[in-house]
Amino acid sequence: MQLDVFTLVPHAYAWLTEQRPVAAVLGTELDLRLFSYRDTTPLRSGQVDDEPYGGGAGMVLRVDVVAAALDAVYGTHARDGRRVVALTPQGRQLTQEVVEQLANEEHVTLLSARYEGFDERIVEHLCTDAISIGPYVLSNGDLPAMVLVDAIARRLPGALAEGSGELESFSAELGGGLEYPHYTRPADFEGWRVPDVLLSGNHANVERWRKEHVR
Ligand SMILES: C[S@@+](CC[C@H](N)C(=O)[O-])C[C@H]1O[C@@H](n2cnc3c(N)ncnc32)[C@H](O)[C@@H]1O
């Protein structure tokens, strides 16, 4: 899939692209492109935001700046049919179901804002979706965008070791529940013992125990 991120700090994504799962699918299943609003802003001196009408503190990301950025990449019509997602606390809350939907799209665009956020016309007229990563406020949309890039990347073919992506928390295979507990060596640490069934080598019993411990 092609996943485009519009941001003021494209360089901040370097770390993410060096880590699995994103690194594992970059250039094959995932075409991740990073664009800066500043590169295409029609305003002077790289300006991208402005004071809010009606007064008040903070700066608001301008609609003409975001429209120019999208037009520069897609042309005026090529946005049609593409999922364009504003990251904003006012959006619908991100869930694994939303991640699965987006991971099945061929083209997704993420828009990050900062300070007071987006001019509402961006969300209303330039976006198809508005997503919040949770009921709290972060300083900008880049951590939320990275959360989405990571969550989407791990659902792409080849991102994870065979089988490890299916039986995860919130997956359909676990009925949307939380994954059973995991243990590794040592089997006994200061009297905290790993459940005997997991040491038994009896796969059927292990499977039963795991099913019973989906939370
Ligand atoms: C400081 S926040 C703006 C908060 C906004 N004034 C409000 O009260 O809802 C700046 C930007 O960070 C991003 N952001 C902050 N928290 C977020 C969240 N929980 N989910 C998604 N994006 C978020 C959005 O892009 C937002 O426009």
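Predicted model: local features only at pLDDT ≥ 70, side-chain atom pairs only at ≥ 80, totals over all residues.
Arg-83, Arg-92, Glu-105 and Asp-129 are linked in a network of salt bridges.

## Salt bridges across the chain

In total, the structure holds 12 salt bridges.

| Asp-4 | Arg-33 | 2.8 Å |

Let us take the pairs in turn. The side chains of Asp-4 and Arg-33 meet in a salt bridge. This pair links distant parts of the chain, with Asp-4 in strand 1 and Arg-33 in strand 2, 29 residues apart. Asp-4 is buried, because its relative accessibility is 0%, while Arg-33 counts as partly exposed at 26%.

With a relative accessible area of 7%, Asp-49 is buried; Arg-114, at 22%, is partly exposed.

Asp-129 belongs to strand 7 and Arg-92 to strand 5, so parts that are 37 residues apart in sequence are tied together. Asp-129 is buried, with a relative accessible area of 10%, whereas Arg-92 is partly exposed at 37%.

## Around Ala-86

Strand 5 (residues 83-93) also contains Ala-86. Is Ala-86 buried or exposed? Its relative accessibility is 0%, so Ala-86 counts as buried. Leaving out residues up to four places away in sequence, Ala-86 touches Leu-111, Phe-118, Val-123, Cys-127, Asp-129, Ala-130 and Ile-131. For a sense of scale, the C-alpha atoms of Ala-86 and Asp-150 are separated by 17 Å, and the two residues are 64 apart along the chain.

Helix 3 (residues 63-74) has 12 residues; at 1.5 Å a residue they should span 16 Å, and the end C-alpha atoms are 16 Å apart, which agrees. What does the buried side of the story look like? The buried residues of helix 3 are Val-65, Val-66, Ala-67, Ala-69, Leu-70 and Tyr-74. These buried residues pack against strand 1 (2-7), strand 2 (31-36), strand 4 (60-61), strand 6 (107-111) and helix 5 (120-126). Just after the helix, Gly-75 takes a positive phi of about 75°.

A search of the whole structure finds four aromatic pairs.

## The loop between strand 6 and helix 5

Ser-112 lies in the loop between strand 6 and helix 5, and with 4% relative accessibility Ser-112 counts as buried. Apart from neighbours within four places in sequence, Ser-112 is in contact with Phe-6, Thr-7, Tyr-37, Leu-61, Phe-118, Gly-141 and Asp-142.

Tyr-115 counts as exposed, at 53% relative accessibility.

## Backbone details

Most residues other than glycine have a negative phi, and most peptide bonds are trans. Against that background, phi of Tyr-115 is near 50°, a positive value. Ser-45, in the loop between strand 2 and strand 3, has a positive phi near 55°. Ser-45 counts as exposed, with 79% relative accessibility.

Where do cis peptide bonds turn up? One joins Arg-20 and Pro-21, with omega about 5°; Pro-21 lies in the loop between helix 1 (14-18) and helix 2 (22-25). Another joins Arg-185 and Pro-186, with omega about 0°, and Pro-186 is placed in the loop between helix 6 and strand 8 (188-189).

Tyr-136, Leu-138 and Leu-143 make a nonpolar surface patch of about 290 Å². Leu-138 lies in the loop between strand 7 (129-132) and helix 6 (142-153), and is partly exposed, with a relative accessible area of 35%.

Key. Residues numbered from 1 in each chain as written. Heavy atoms only, no water. Helix = DSSP H or I, 4+ residues; strand = E, 2+ residues; numbered from the N terminus. Buried < 20%, exposed > 50% of the residue type's maximum accessible area, 1.4 Å probe, protein only. Contact = heavy atoms within 4.5 Å. Expected span 1.5 Å × (residues − 1). Patch = residues over 30% accessible without salt bridge, like charges linked within 9 Å, V, L, I, M, F, W, Y side chains within 5 Å. Areas by Shrake-Rupley, 256 points an atom, 1.4 Å probe, with all protein chains shown as cover. Salt bridge = Lys/Arg side-chain N within 4 Å of Asp/Glu carboxyl O. Phe/Tyr/Trp six-rings, centres within 6.5 Å; stacked < 30°, edge-to-face > 60°.
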